[in-house]
Amino acid sequence: METRLSHFTTFRLGGPCRELATVADAAAAADVLRAWNAAGRPWRVMGGGSNLLVADAGIPECVLRYSADKPDCRLAADGTIETSAATPLDALAEFAAETGRGGVGFASGIPGTVGGGLCGNAGAFGRQLGDVLDRVEILTRAGELRQLPRSALEFAYRASSLPQMGAVVVRAWFRTEADDRAELRAEREKILALRREKHPDWRTEPTAGSFFKNLPPAGPGEPRRAAGKYLEQAGAKDLRAGAAYVFPKHANIVVAGPGATARDVATLAGRMAAAVRGKFGFELEPEVRFWGAV
């Protein structure tokens, strides 16, 4: 029986894959990968599916889904927070606040998993996971466990060297510092309130959050320029394609309405980028990853 990836992405879009295996620990992942490797089956990895647009026709590869509903976080003796890569990012942020550890609160409300977040260097409010990472444990393509220090990896805005390595992130350690628990909880609630005000709830409105990357700073020491600002000025909020539309409160967020297809979303994204190109003369780069011929 075919498994449609629409069941596992926050866009709730995507056709079938060759085979899907959901695992939450390194041993199970290694068993699956060795079996696929032995059978000569190509494979890909996904986490929470929060940053993916999968083609309506699906993809020919097998998919290892490294994800868990139950968080696995603990405070290590060296002050780092050790967590499974299958843990939801928001659960990591919540654990840090509840244990009085500062440094990862910016991840509050970000959908997806720790592993997926590291691969894409997820972040908010000018902070990114790569900024606070201490080390990771990975499964190589051959299914062997290795630990890598932060210095062995490269991180950039919404990017890291992990996808190019073809490895599976299975565990991570983040640097934290002791902080006031009440203040951390208050900071978290403030961030969650901001997200509720400006972003759709991906649990009820199919979306992948910000579709395009923010632009480089205008000058040294300045923050990145919000893509949503340029999209709004270019009239993106009035655009739609099929049943896909731009979220009324945020011009850089696409929602897949009832009956939408991945092709609708991709077409709308193309129109949004074209509007910015026509008005401002530069290209927007998608933050959402495309799988298959979308």
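Here are some numbered notes on the cysteines, charges, backbone and distances in this predicted model.

1. How many disulfides does a search of the whole structure find? The count is zero. A disulfide here would need two cysteine sulfur atoms within 2.5 Å, and the next two points take a pair of cysteines against that cut-off.

2. **Cysteine 62.** The cysteine sulfur closest to that of cysteine 62 belongs to cysteine 17, and the 7.1 Å between them is too far for a bond. Is cysteine 62 buried or exposed? Its relative accessibility is 0%, so cysteine 62 counts as buried.

3. **Cysteine 119.** For cysteine 119, the closest cysteine sulfur is in cysteine 73, at 17 Å, which is again too far for a bond. Cysteine 119 counts as partly exposed, with a relative accessibility of 23%.

4. The search of the whole structure finds 16 salt bridges. One of them pairs aspartate 31 with arginine 34, with 3.8 Å between the closest N and O atoms. Where do aspartate 31 and arginine 34 lie? Both are in helix H1, which covers residues 26-38, and they sit three residues apart, about one turn of the helix. Arginine 34 is partly exposed, at a relative accessible area of 44%.

5. **A salt bridge across the sequence.** Lysine 213 and glutamate 285 form another salt bridge, and their closest N and O atoms are 3.0 Å apart. Lysine 213 is in the loop between strand S18 (207-210) and helix H7 (227-233), while glutamate 285 is in the loop between helix H8 (262-280) and strand S22 (289-291), so this pair ties together parts that are 72 residues apart in sequence. The two partners fall into separate accessibility classes: lysine 213 counts as buried, at 14% relative accessibility, whereas glutamate 285 is partly exposed, with a relative accessible area of 47%.

6. **A network of charges.** Arginine 74 counts as partly exposed, with 39% relative accessibility, and glutamate 82 counts as buried, at 16%.

7. **A negative surface patch.** Do have a look at the stretch around helix H6. Glu177, Asp179, Asp180, Glu183 and Glu187 form a negative surface patch. One of these, aspartate 180, is placed in the loop between strand S17 (177-178) and helix H6 (181-198). Aspartate 180 is partly exposed, its relative accessible area being 39%.

8. **Asparagine 121.** Turning to the backbone, asparagine 121 has a phi near 50 degrees, which is a positive value in a residue other than glycine. Where does asparagine 121 lie? This residue is in the loop between helix H3 (114-119) and strand S10 (123-124). With 1% relative accessibility, asparagine 121 counts as buried.

9. **Phenylalanine 125.** A positive phi is also found at phenylalanine 125, near 55 degrees, and this too is a residue other than glycine. Phenylalanine 125 is in the loop between S10 and strand S11 (127-128). Is phenylalanine 125 buried or exposed? At 53% relative accessibility, phenylalanine 125 counts as exposed, whereas asparagine 121 counts as buried.

10. **Proline 200.** Proline 200 is part of the loop between H6 and S18. Proline 200 counts as buried, at 10% relative accessibility.

11. **Valine 45.** Valine 45 belongs to strand S4, residues 43-46, and is partly exposed, with a relative accessible area of 27%. What separates the C-alpha atoms of valine 45 and arginine 224? The distance is 29 Å, for two residues that are 179 residues apart along the chain.

Definitions and conventions. Residues are numbered from 1 along each chain as its sequence is written. This is a predicted model: local features need pLDDT of at least 70, side-chain atom pairs count only at pLDDT 80 or more; totals for chains, interfaces and linings use all residues. Side-chain values use heavy atoms; hydrogens and water are left out. Buried means under 20% relative accessible area, exposed over 50%, partly exposed in between (1.4 Å probe, protein chains only). A salt bridge is a side-chain nitrogen of Lys or Arg within 4 Å of a carboxyl oxygen of Asp or Glu. Helices (H or I, at least four residues) and strands (E, at least two) are DSSP runs, numbered from the N terminus. Patches are made of residues with over 30% relative accessible area and no salt bridge: like charges are joined within 9 Å, nonpolar side chains (Val, Leu, Ile, Met, Phe, Trp, Tyr) within 5 Å. Accessible areas come from the Shrake-Rupley method with a 1.4 Å probe; for residues, only the protein chains shown count as cover. Lys and Arg count as positive and Asp and Glu as negative; His and the chain ends are not counted. The place of a charge is taken as NZ of Lys, CZ of Arg, CG of Asp or CD of Glu.
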